[in-house]
Amino acid sequence: MPSLNDGAERITLRIGGVSHDDWLDFEVDSDLQTPADGWSFSVGNVSDTLPEEVQAGARAELRTGDDVIMTGQVDEIVDDIGRGQHTLALYGRDASAVLVDCSAPIFTARDMSLQEVIAQIVKPLGVTAIRIQAEKPLPSKKASIDPGDTAWDALKKAAEASGLWPWVTADGTLVIGGPDYSTPAVDTLVLRKDGQGNNLLRLSVTHNVSARYSEVTVLAQGHGTANADGKHDRRCTVRDTSVPFYRPRIEVVADTDSDEEVQFRARKIMADARLEGLLITAVVKGLRTAAGQLWAPGQRVQVKSEKHGIDDIYFVMHRRFSGGRGQQLLTTLTLREDGIWLPDAFPKSKRKRKGKGKKGKKDLWNSWEQIDNG
């Protein structure tokens, strides 16, 4: 294993049989909420012609040491030659790029498992490694793909019906699910006034009320079938008592399979709203935690900042590696409130959240009131 956070660690881009790790500058993004995570690399003072293997559309793998950071494709190559200067820039995305770019196969099916629906959407596009990461995903009573839907749009629709979300892991596996908040924090990030034990280069904390709601109501209907009549009065209201003023939102869903699906949608809208209420950006040296694990979205991390008055566990939603020749190797982490995103994937883990929050702080499950009117 390379030495931890010592600045000597390098990110290697492998395309075909060609590898390179001496970059003028680079960025590698990974975000659980953004489809098709992206990367960019640039090389200055290019002296050789571009290897034949390095072409737009080629499979690419990003590694550091023995660890895979991302698997995907080269989207764009810019070969720029000017007076006394020759630079090469490469841009690409992870293995979900084809799902974002291409249309889903058109089909209608009934009484399929979530795994079967997902496989029928993505396997024709070459995505075969699929994992369901949830306790009890709902079966799909009806799956319908409309002409023009991208594969990613179809994936989101199927996943959100069970309160889940799709993303792609470093090795290219498509995951449909959510986080398990019972997993331990991978590191502790410290910002003390006296500087003792500090490992944070920067910590920014933003509180935002513009996306918060005191009440979310989902109105829905279900089409009739040969065996059952349609239902036109599905409804679920969720209230967040931690919002001290009246901020309502009503969402209308055209077609749902069950009352439980309506409940999932209402809770997810409320969870997403609360998620936007707190944004923490942390910048640290190197690519790894103190224990040598690569930073990655989906991790949980303890943050202690005397100046901000926080000592709690937060969820890593987004991670960016950046650096280059003569630059410091940095990781930027986007942190959100723990236990909020996709709360229905592993319901039992929501009660295992640990951390020393501020006195009187209410967690998601103590501040929500669900009123089922369907």
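Biologist: Which residue in β18 does R202 stand opposite?
Modeller: In this predicted model, R202 stands opposite V283 in β18. The two strands involved are β14, residues 202-207, and β18, and they are joined by six bridges and run antiparallel.

Biologist: What else does β18 pair with, and in which sense?
Modeller: β18 also pairs with strand β21, which covers residues 330-337, and this pairing is antiparallel over six bridges. Within that pair, A282 has L333 in β21 as its bridge partner.

Biologist: Is β18 largely enclosed or left open, and why?
Modeller: Strand β18 covers residues 278-285, and because six of its eight residues are buried, the strand is largely enclosed by the rest of the structure.

Biologist: Let's switch to helices. How many residues of α4 are buried?
Modeller: Of the 17 residues of α4, 14 are buried, so this helix, too, is largely enclosed by the rest of the structure.

Biologist: And what span should α4 have, going by its residues?
Modeller: Helix α4 covers residues 259-275, and at 1.5 Å a residue its 17 residues should span 24 Å, which agrees with the 24 Å between its end C-alpha atoms.

Biologist: Where is A161, and how far is A161 from E261 in space?
Modeller: A161 is found in the loop between α3, residues 151-160, and β11. Its C-alpha atom lies 5.4 Å from that of E261, although the two residues are 100 apart in sequence. A161 has a relative accessible area of 16%, and it is buried because that value is under the 20% cut-off.

Biologist: OK, pockets. How much space lies in the largest pocket?
Modeller: About 720 Å³ of space lies in the largest pocket. Its lining is made up of 42 residues, and those nearest the centre are W167, T169, A296, P297 and G298.

Biologist: Which elements give two or more residues to that lining?
Modeller: Those elements are β3 (25-31), β6 (67-82), β9 (130-133), β11 (165-168) and β20 (310-323). By residue type, the lining of the largest pocket divides into 24 nonpolar, ten polar and eight charged residues.

Biologist: You mentioned β9 and β11, so what is the strand order in their sheet?
Modeller: The order is β9-β12-β11, in an open sheet of three strands with mixed pairing. β9 and β11 stand at the edges with a single partner strand each, so one side of each is left without a neighbour in the sheet. If direction is ignored, neighbouring strands of this sheet are turned by 25 degrees against each other on average.

Biologist: How do β9 and β12 run, parallel or antiparallel?
Modeller: β9 and strand β12, residues 174-177, run parallel and are joined by four bridges. In this pair, I132 stands opposite I176 in β12.

Biologist: Which residues other than glycine have a positive phi?
Modeller: Among them are A36, with phi near 60 degrees, and L342, with phi near 50 degrees. A36 lies in the loop between β3 and β4, residues 38-43, and L342 lies in the loop between β21 and α5, residues 364-367.

Biologist: Are A36 and L342 buried or exposed?
Modeller: A36 counts as buried at 12% relative accessibility, and L342 counts as buried at 1%.

Biologist: Last one, G326: buried or exposed?
Modeller: G326 counts as exposed, with 88% relative accessibility, and it is found in the loop between β20 and β21. The C-alpha atoms of G326 and D25 are separated by 9.0 Å, while the two residues are 301 apart along the chain.

Key. Residues are numbered from 1 along each chain as its sequence is written. This is a predicted model: local features need pLDDT of at least 70, side-chain atom pairs count only at pLDDT 80 or more; totals for chains, interfaces and linings use all residues. Side-chain values use heavy atoms; hydrogens and water are left out. The expected span of a helix is 1.5 Å times one less than its number of residues. Buried means under 20% relative accessible area, exposed over 50%, partly exposed in between (1.4 Å probe, protein chains only). On a 1 Å grid over the protein atoms alone, a cavity is a set of points where a 1.4 Å probe fits but cannot get out, and a pocket is an open set with protein on both sides within 12 Å along at least five of seven lines; lining residues have an atom within 4 Å of a point. Grid points are joined across faces, edges and corners, and a volume is the space filled by probe spheres set on the points. Ala, Val, Leu, Ile, Met, Phe, Trp, Tyr, Cys and Pro count as nonpolar, Asp, Glu, Lys and Arg as charged, and the others, Gly among them, as polar. Two strands pair if DSSP finds at least two bridges between them. Axes are lines fitted to C-alpha atoms, for helices over the stretch in contact, and angles run from 0 to 180 degrees between N-to-C directions.
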